[in-house]
Amino acid sequence: MGHRSLPLWWLAFAAALIPLLTIHLTFAVSVIEGYVSWCVPYWDSCTSISRTGRHGTAYFIFKGTMLPAALLGILFWWLNGLWLRQLGVQARRVAWIPWLGLIACAALAFYTLALGHAGDGFNLTRRIGVVLYFSFTYLCQLLVSACLLNHPRWHASGLRLLRLCQLTLAVGILSVILTAVVPDWYSQKDDAFEWVLALLINLHALWLALLWRRSGFRARLWAD
């Protein structure tokens with residue numbers, strides 16, 4: 001009995017790219033169909049990510065891609081734990097990554113299911129879903145970065161990923177400060193912060209995909 005192996009970096013790329021491409025695709029479709037005005041959401045703050053997937057064709061695109069993306073995300077974080085173990089990381093915090101990832105991706109799924117439906121319950125579900133998704137995904141990314149930082153071979157990569165996490169945290173803290181200091185101005189710009197945070201989170205996942213490829217992370221397939 002022999003075995004073959006399957007590279008897994010493509011799965012990490014898919015986990016990062018599907019959500020990122022989806023929000024830009026639904027934005028473009030919503031603009032074409034007249035539900036959203038044309039702008040650059042990263043600084044014009046003209047629309048929220050949620051609004052791009054509420055109406056028309058974009059509604060079906062958003063749900064049809066984000067729900068599989070949530071399932072893929074669960075697998076992605078579970079594999080990150082396995083990858084770190086294969087690299088020789090024995091830190092106790094590795095065991096937390098799949099569970100935190102599960103919470104984050106479940107929150108994304110609930111948020112996606114509630115999108116496009118009116119009512120206080122659906123609004124609350126969307127708010128909770130967004131907060132949990134961003135928060136727990138960030139915690140996963142922070143843990144992976146810290147594990148790599150303490151690895152002799154992957155220290156430099158861990159440091160770069162940690163700096164990206166610090167940038168993400170800085171954007172989040174800035175949004176909180178602006179909410180308290182200039183609430184009226186921030187209410188006009190909060191959507192842009194959401195777009196930037198989504199971009200930074202997915203850039204981290206793309207970076208991990210590159211590291212998976214560089215390390216030769218593969219799944220072993222047994223064959224007769």
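Reader: How many aromatic pairs does the structure hold?

Author: There are 13 aromatic pairs here. Keep in mind that this is a predicted model.

Reader: Let's take F62 and Y111. Why is that pair called edge-to-face or stacked, whichever it is?

Author: Two numbers settle it. The ring centres of F62 and Y111 are 6.3 Å apart, and pairing asks for centres within 6.5 Å, so they count as a pair. Their planes stand at 70°, and over 60 degrees is edge-to-face, so edge-to-face is the label.

Reader: What makes this pair a tie between parts of the chain?

Author: F62 sits in helix 4 while Y111 sits in helix 5, so the pair links parts that are 49 residues apart in sequence. Both F62 and Y111 are buried, too.

Reader: What makes R213 count as lying over the face of W9?

Author: R213 is 4.6 Å from the ring centre of W9. The distance limit is 6 Å, and the charge must also be within 35 degrees of the ring normal. R213 is listed as lying over the face of W9.

Reader: Is S45 buried or exposed, and how do you know?

Author: S45 has 9% relative accessibility. Buried means under 20%, so S45 counts as buried. S45 is in the loop between helix 2 (41-44) and helix 3 (49-52). It also has a positive phi of about 50°, although it is not a glycine.

Reader: And why is L167 called partly exposed?

Author: L167 comes out at 44% relative accessibility. Under 20% would be buried and over 50% exposed, so 44% lands in between and L167 is partly exposed. L167 is part of helix 7 (residues 155-181).

Reader: Which residues touch the most other members in the largest nonpolar core?

Author: Those are F76, W83, L84, L148 and L208, out of 32 residues in that core. Helix 1, helix 4, helix 5, helix 6 and helix 8 each supply at least two of its residues. There is also a second, separate core of 27 residues, including Y111 and L197.

Reader: What is L208 in contact with, leaving aside neighbours within four places in sequence?

Author: L208 is in contact with F76, W77, N80, W83, V144, L148 and L161.

Key: Residues numbered from 1 in each chain as written. Predicted model: local features only at pLDDT ≥ 70, side-chain atom pairs only at ≥ 80, totals over all residues. Heavy atoms only, no water. Helix = DSSP H or I, 4+ residues; strand = E, 2+ residues; numbered from the N terminus. Buried < 20%, exposed > 50% of the residue type's maximum accessible area, 1.4 Å probe, protein only. Core = buried A, V, L, I, M, F, W, Y, C linked by side-chain atoms within 4.5 Å. Contact = heavy atoms within 4.5 Å. Phe/Tyr/Trp six-rings, centres within 6.5 Å; stacked < 30°, edge-to-face > 60°.
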